[in-house]
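Me: I am new to this structure and would like to go through it in short questions. Can we start once it is on screen?

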Amino acid sequence: MDAEAIKALKDLMGALGSPNLDCRQDGAKLDAGARASYLFNSGIAGIDQADAILLVGTDPGTEAAVLNARIRKRFLRRGVKIAAIGPKVDLTYELEWLGEGADTLQALVNGGHAFAEVMKAAKNPLIIVGQGALTRADGAAILGLLHSLAEATGVVKDGWNGFNVLHTAASRVAALDLGFVPGEGGRDVAGIVASAAAGEIEAVWLLGADEIDTTALGHAFVIYQGSHGDAGAHRADVILPGAAYTEKNGTYLNTEGRVQRTTRAIFPPGDAREDWAIIRALSDRLGKKLPYDSLVALRARLVEAVPHFGRVDAVASADWAAFGAAGPVEASAFTYAVRDFYLTNPIARASATMAECSAIHHGHSHEATGTHG
């Protein structure tokens, strides 16, 4: 979802007095009040300067292939030690697998693991944490452990912040910058789903939310707004067709917090509209008319709320602050955020070509042994 749609929906929810909104479809325990807790703070280019890299709950080869190539490039130049916590996968470069779960992370924080000393001795140590480490029930405690590890091993110091979160959803950073998280008395994604199943929430609005278990929404009235007929659309009582990213002008923030804008390549088909325009039209029908009638006016409001949205291709730095929570962690292994490289979003899942690529990759395509040899 683009930042304009997020801002419009947040304004509308605020006008309606609803605290129940959450951009974190996968349930990550990210802290919107501490920007450094969810950015790729070193910048992707910072990988080139790193002399020690720790991967936590991430398979960058699948989750961010270009970024993984950057790590491999750094490895080939020598002078860097790489380690990982998570199930073993082939990342195309040599690294030390320290363990699979949060117990290993706890050992690093306690100083009971040799790689902690490697990080302390490094000039530019770097941590890359994936959503697989943060989407568990103990995600907030894991985030707290990562904060402690970063401080104990010199990952954050004068002139260097090597604490990095790798996101797997377009513009999640923008949503967090806008505070698109539960308000006082509000619920996170798991809470919204559970409350809908229990009949405590009567209506749920899915803004391109296809990665949750929509079958668990009980008898709630479901409004789905999106561009492709994915899981959310199949559960919906009402569908509001939104424009795909190629069919609208949009603002996005990437995983390092860089402001990026896209330009419409084609007009949306049929009754589809840009997401912000749908929300603006609905606000009028609900008697809570939003105070903008054009993309220019909405962007002005966006920049007024968060000034760095107006600095295209720039990254606003984030102050290091406390984040995460104290508490016990589970000993179970981390799981990775991306299960199928070819089917990571509704657009890919609507593609026959991507479906065939997935089938060939998993070795159960009829065409894989026929036409494709």
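Me: Which residue is the bridge partner of Thr251 in strand 12?
Reply: This is a predicted model. Strand 11 (residues 250-253) pairs with strand 12 (residues 259-262) in the antiparallel sense, over four bridges. In strand 12, Thr251 has as its bridge partner Arg261.

Me: Which residue in the turn of that hairpin has a positive phi?
Reply: Strand 11 and strand 12 form a hairpin, with five residues between them.

Me: In what order do the five strands of the open sheet lie?
Reply: The pairing in this sheet is parallel. Strand 3 (96-99) and strand 7 (163-165) stand at the edges. Each has a single partner strand, so one side of each is left without a neighbour in the sheet. The order is 3-2-1-4-7.

Me: By how many degrees are neighbouring strands of this sheet turned against each other on average?
Reply: The figure is an average over neighbouring strands, with direction ignored. It comes to 20 degrees.

Me: Which residue in strand 3 does Ile85 stand opposite?
Reply: Strand 2 and strand 3 run parallel and are joined by three bridges. In strand 3, the residue opposite Ile85 is Gly99.

Me: What angle does the direction of helix 5 make with that of strand 1?
Reply: Helix 5 (residues 114-121) packs on the sheet. It touches strand 1, strand 2, strand 3 and strand 4. Its direction and that of strand 1 make an angle of about 135 degrees.

Me: Within what arc do the buried residues of helix 3 fall?
Reply: The buried residues are Leu67, Asn68, Ile71, Arg74 and Phe75. An α-helix has 3.6 residues a turn, so residues three or four places apart point the same way. Seen down the axis of helix 3, the buried residues line one face, because they fall within an arc of 110 degrees.

Me: Which strands and which helix are included in what covers those buried residues of helix 3?
Reply: The cover includes one helix, helix 2 (60-63). It also includes strand 1 (52-56), strand 2 (81-85) and strand 4 (125-129).

Me: Is the aromatic pair of Phe75 and Tyr93 stacked, tilted or edge-to-face?
Reply: Phe75 sits in helix 3, and Tyr93 in the loop between strand 2 and strand 3, 18 residues apart. Both are buried. Their rings are 6.3 Å centre to centre, with 40 degrees between the planes. Stacked needs under 30 degrees and edge-to-face over 60, so this pair is tilted.

Me: What kind of pair do the rings of Trp320 and Phe323 form?
Reply: Phe323 is buried at 7% relative accessibility, whereas Trp320 is partly exposed at 23%. The centres of the Trp320 and Phe323 rings are 5.2 Å apart and the planes are at 80 degrees, so the pair is edge-to-face.

Me: Is Gly186 buried, partly exposed or exposed?
Reply: Gly186 lies in the loop between helix 8 (172-177) and helix 9 (189-197). Its relative accessibility is 26%. Buried means under 20% and exposed over 50%, so Gly186 counts as partly exposed.

Technical notes: Residues numbered from 1 in each chain as written. Predicted model: local features only at pLDDT ≥ 70, side-chain atom pairs only at ≥ 80, totals over all residues. Heavy atoms only, no water. Helix = DSSP H or I, 4+ residues; strand = E, 2+ residues; numbered from the N terminus. Buried < 20%, exposed > 50% of the residue type's maximum accessible area, 1.4 Å probe, protein only. Pairing = 2+ DSSP bridges. Arc of directions from axis to C-beta. Contact = heavy atoms within 4.5 Å. Axes fitted to C-alpha atoms, helices over the stretch in contact; angles between N-to-C directions. Phe/Tyr/Trp six-rings, centres within 6.5 Å; stacked < 30°, edge-to-face > 60°.
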